[in-house]
Amino acid sequence: MSKFSFGALLRHAAFGHTHWEPQWRSPEPQAAYEVVIVGAGGHGLATAYYLAKEHGIRSVAVLEKGWLGGGNTGRNTTIIRSNYLWEESEVLYEHALKLWETLSHELNYNVMYSPRGVLMLAHNLHDVHVFKRHVHANRLAGIDNEWLTAAEAKKFCPPLDISSGMRHPVLGAALQRRGGVARHDAVAWGYARAADRLGVDIIENCEVTGIRRAPSGAVTAVDTTRGEIRTRRIGVVAAGHTSVVLAMAGLRMPIESFPLQALVSEPVKPVLPCVVMSNTIHAYISQSDKGELVIGAGTDQYVSYSQRGALHVTAHTLDAICELFPMFRRMRMLRNWGGIVDVTPDRSPIIGKTTVPGLYVNCGWGTGGFKATPGSGHVFAATLAREEPHPLAAPFSLERFTTGRLIDEAAAAAVSH
Amino acid sequence: MLLINCPYCGERPELEFRYGGEAHIARPSDPAALSDELWTQYLYVRSNSKGVHAERWRHVHGCGRFFNALRNTVTDKFIATYKVGEPRPSAPEGRR
């Protein structure tokens, strides 16, 4: 597979762009692999890439029941930030953010990471206190986050209405300048291409239907719609379907799956220079490079695998957006969709071993997994390779629900879901 | 938006209801006697079924009462709603 470069672009241009090759193979599954990853979303593909790149494990299959990146990787609002409250989360998301900064170069694939700043609005005194607490906590951990007055926020994001007559006046905002957005599909494609190049087999249209175990309890193989594949290590990175896959090994998880919706508007000229989030009135919005406004709505209240979500949930978010940015009132929304997010009781992910030998899980990223993609794959690959949790992943073990050592980001999430 | 058949009031829009999580999870009568693992099961572990799911709803903007429902989590279609204390109606497994 050829390397992308300016020279390659010129060469292909000379031939009318008719000689580009597929960016990854479509291999038949082999009989056995050292590691099998279930789920070819961003997190699963990143895991496979780092397994091959940093741990020299190249006998890796990534099994995907649909198509690559067709789940939550292709259904999110692409926001990247690391301004979490608790130490365990801060370092994990910051680890991811640092990887984002060099990811395009690392993968030789433009993931369009754009650190345009994430602005979190405070509308009341409680918000002000909470965000200042976040700012202080982040700065103590060496993570950039700063407090802006309303006037400073307006200067950073001119479309913002800071007049006192607003129904939800802006009292100030927390700004993480290194936060921003990336191109979600490019992240999946970039990792897929780079992993494939290192020998990883990405097998689409291959649904896992069973997990086989030895009398000792250890995993020995997965049954799939394309036959049995033997392996001693399975990494399940199946997001909303984690409970379904792990049930095949007799496991029950502290997870519930909910639809989370997002929508995009018709494309317009650049109007919004940064990501704007508002916890209190539940709205988050950014503008894609194509010009569409990308808007995130909330989760439905009930467990569902329907990938749809209810209209009143999106309507509620649009009410909030129109309240914040009256100039968007006449814009038309082009598409909306739902992704199935796996939510844990403390809104923090689960990364590590299960009680079944050889069965590992990386799940529970809930409503905010995209931003973690590189870091999640990186620490999960190390966990799979060394068969013990990566230091950054260790606090996010499944045991925390038994020991009670939760990492309660529920109250700390940017928007309450 | 779902249409939900409250066993006391009849069919009403979802906005009148609050979801109450998985149904038929009994609080252990003597939590102190439970092992940490069993307490975890009670507190956090859920079946999260893909297919037929038994769940609680509360008609907060109506009669205010809790009731149970069977719903298919793939289609979001309700199979049955029933009063608290009544046994879970039988639903064909994996019904779509």
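This is a predicted model: local features need pLDDT of at least 70, side-chain atom pairs count only at pLDDT 80 or more; totals for chains, interfaces and linings use all residues.

The crossing of helix 3 of chain A with helix 6 of chain A is left-handed. On the side of helix 3 of chain A, the contact is made by W100(A), L103(A) and L107(A), which meet V187(A), G190(A), Y191(A), R193(A) and A194(A) in helix 6 of chain A.

**Strands and sheets**

Strands of a sheet pair through backbone hydrogen bonds, and this pairing is either parallel or antiparallel. Is strand 6 (residues 172-176) of chain A buried or exposed? Five of its five residues are buried, so strand 6 of chain A is largely enclosed by the rest of the structure. Both of its faces are covered, with G172(A), A174(A) and Q176(A) on one side and A173(A) and L175(A) on the other. Strand 6 of chain A is joined by five bridges to strand 4 (residues 118-122) of chain A, which runs antiparallel to it, and it also pairs in the antiparallel sense with strand 5 (residues 146-149) of chain A, over four bridges.

Chain A also holds an open sheet of six strands in the order 8-2-1-12-19-18, with mixed pairing. Strand 8 (201-203) and strand 18 (350-353) of chain A are the edge strands, each pairing on one side only. On average, and with direction ignored, neighbouring strands of this sheet are turned by 15° against each other. Within chain A, strand 12 and strand 19 (residues 359-363) run parallel and are joined by three bridges.

In chain B, an open sheet of four strands has the order 3-4-5-6 and antiparallel pairing. Strand 3 (18-22) and strand 6 (78-83) of chain B stand at the edges with a single partner strand each, so one side of each is left without a neighbour in the sheet. Neighbouring strands here are turned by 30° against each other on average, direction ignored. Strand 5 (residues 66-72) of chain B runs antiparallel to strand 6 of chain B, and five bridges join the two.

| Residue | Bridge partner | Strand of the partner |
|---|---|---|
| A122(A) | G172(A) | strand 6 of chain A |
| W147(A) | A174(A) | strand 6 of chain A |
| V236(A) | V361(A) | strand 19 of chain A |
| F67(B) | K83(B) | strand 6 of chain B |

**Two residues in loops**

Most residues other than glycine have a negative phi. A239(A), however, has a positive phi near 45° although it is not a glycine; A239(A) lies in the loop between strand 12 (233-236) and helix 7 (242-247) of chain A, and its relative accessible area of 24% makes it partly exposed.

Where is H24(B) found? H24(B) is in the loop between strand 3 and helix 1 (36-43) of chain B. Its phi is positive, at about 60°, although H24(B) is not a glycine, and with 45% relative accessibility H24(B) counts as partly exposed.

Conventions. Residues are numbered from 1 along each chain as its sequence is written. Chains are lettered from A and ligands numbered from 1 in the order in which they are written. Side-chain values use heavy atoms; hydrogens and water are left out. Two strands pair if DSSP finds at least two bridges between them. Axes are lines fitted to C-alpha atoms, for helices over the stretch in contact, and angles run from 0 to 180 degrees between N-to-C directions. Buried means under 20% relative accessible area, exposed over 50%, partly exposed in between (1.4 Å probe, protein chains only). A crossing is left-handed if the near helix is turned anticlockwise from the far one by less than a right angle, and right-handed if clockwise. Contact means heavy atoms within 4.5 Å.
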